[in-house]
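Open the model in your viewer and keep the selection tool ready. We will go stop by stop.

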Amino acid sequence: MEQFGGRYGEDVFRPEQAGEGERIDFGALAYDGITMARLRALGAGPGWRCLDVGAGTGTVSRRLLAEAGVTSVLAVDRDVRFLSERPLPGLDVLEADVTAPDFDPGRFRLVHARFVLMHLPGHDRLISRLAGLVEPGGVLVLSDAVDLTSGLPGSVTPGTPYTAVMRAMWQGLRDTIGTDVGWVPSYPHLLRTAGLLPVAAEIHVPPLQPGSPISRFWADTWQRSRAAMLATGLVDDTDVDAAVRYLDSEECAALSAGMLTVWGRKPGGTEPGGAGPGAGQEATDRTTGPVSSG
Ligand SMILES: C[S@@+](CC[C@H](N)C(=O)[O-])C[C@H]1O[C@@H](n2cnc3c(N)ncnc32)[C@H](O)[C@@H]1O
């Protein structure tokens, strides 16, 4: 089998560095509501066995159990220090590298990975492997970053402190970890190619407002990736400091990078727990009503 490699947590975002759990939690604060609404609309609930890949601090794993009432969650990460801090009935923790050739934790009704694949090489092969972990009738749900301020033909990127530093961040993370968000808009097609049907996707962009979770997430992320950003030669320390101040000021007028979520259903199977024929399409959340597929 193939080995995919990847150096997340070694050169940048080291889990042993003070405050890394809080940084992940700022991202979770910005996105957990959207993620949980989608997972519940897809039917996540009693009877579901779930796999949370690259679970981080485990906010989604815990909310699947506590709010959606799923039967169990296997939370996997290359470093489980945050996951092990607070045990919860139904939460199983596994320290493993999802790119390892022998990674095969079983079959699940839900396989979920958020902000993980973008940091790992071989997205298409990894998506295919994760699709293989979904039981018939179950769903694969992937979320990763999309940055709408670059890449579109004819797009104009305003010259703000935010855009300069974001460009350096993506380049710096690419040079050090191998992070590549260029693939993310292809995820719907890649899920279909992996045999999932139907497939759908949506994007959420949280507002950049002073003191908001997403603003604090970016400021902290820039501090932790500062060396990688400076090494690109695109920005210097003054630029990074100016961008951090800009984010926290009323002058801030920028569009944040957002989160693309894509989901697809594995053909076959029955419907215990609710991943029925609508699992890859518009679905109705049992508690909050209809959720738009965006
Ligand atoms: C940006 S965090 C996202 C955490 C969580 N999914 C969330 O959205 O809040 C990425 C997580 O993926 C984990 N990770 C990165 N590479 C991994 C790998 N090869 N195998 C398992 N976990 C990995 C990291 O340790 C980290 O906890």
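Which residues does Leu208 touch, not counting residues up to four places away in sequence? Select Leu208 and find out. Its contacts are Ile214, Ser215, Leu247, Cys252, Ala254 and Ser256. Keep in mind that this is a predicted model.

**Stop 1: around Leu208**

Leu208 sits in the loop between strand 6 (199–204) and helix 6. Is Leu208 buried or partly exposed? A residue needs 20 or more other C-beta atoms within 10 Å to be buried. Leu208 has 18 C-beta neighbours inside 10 Å, so it counts as partly exposed. Leu208 and Leu247 are 39 residues apart along the chain. Their C-alpha atoms are separated by 7.4 Å.

**Stop 2: helix 6 and helix 8**

Select residues 213–224 for helix 6 and residues 237–247 for helix 8. Their axes come within 10 Å and cross at roughly 170°. Angles over 145 degrees count as roughly antiparallel. Helix 6 is therefore roughly antiparallel to helix 8. The crossing of the two helices is left-handed. Next, show the side chains in the contact. Helix 6 brings Ser215, Trp218, Ala219 and Trp222. Helix 8 brings Val240, Ala243, Val244 and Leu247. How do the residues of this contact divide by class? Seven are nonpolar, one is polar and none is charged.

**Stop 3: the ligand**

Move to the ligand. How many residues surround the ligand? There are 22, and the closest are Tyr8, Gly54, Gly56, Arg78 and Arg114. Colour the shell by class: nine residues are nonpolar, eight polar and five charged. Then select helix 1 (20–41) and strand 2 (72–77), which each supply at least two residues of the shell. Helix 1 gives the most, with three residues.

**Stop 4: helix 3**

Select residues 123–131, which form helix 3. Which residues of helix 3 are buried? They are His123, Leu126, Ile127, Arg129, Leu130 and Ala131. What covers these buried residues? The cover includes strand 1 (49–53), strand 4 (108–114), strand 5 (134–146) and helix 5 (187–193).

**Last stop: the whole protein**

Zoom out and show the cartoon. The protein has eight helices and nine strands. Of its 294 residues, 43% count as buried. Now consider contacts between residues at least 6 apart in sequence. Among these contacts, 77% join residues at least 24 apart.

Methods: Residues are numbered from 1 along each chain as its sequence is written. This is a predicted model: local features need pLDDT of at least 70, side-chain atom pairs count only at pLDDT 80 or more; totals for chains, interfaces and linings use all residues. Axes are lines fitted to C-alpha atoms, for helices over the stretch in contact, and angles run from 0 to 180 degrees between N-to-C directions. Helices (H or I, at least four residues) and strands (E, at least two) are DSSP runs, numbered from the N terminus. Angles under 35 degrees count as roughly parallel, over 145 as roughly antiparallel, 65 to 115 as roughly perpendicular and the rest as oblique. A crossing is left-handed if the near helix is turned anticlockwise from the far one by less than a right angle, and right-handed if clockwise. Two residues are in contact if their C-beta atoms, placed from the backbone, lie within 7 Å. Ala, Val, Leu, Ile, Met, Phe, Trp, Tyr, Cys and Pro count as nonpolar, Asp, Glu, Lys and Arg as charged, and the others, Gly among them, as polar. A residue is near a molecule or strand if its C-beta atom, placed from the backbone, lies within 6 Å of it. A residue is buried if 20 or more other C-beta atoms lie within 10 Å of its own, exposed if 12 or fewer, and partly exposed in between; C-beta atoms are placed from the backbone.
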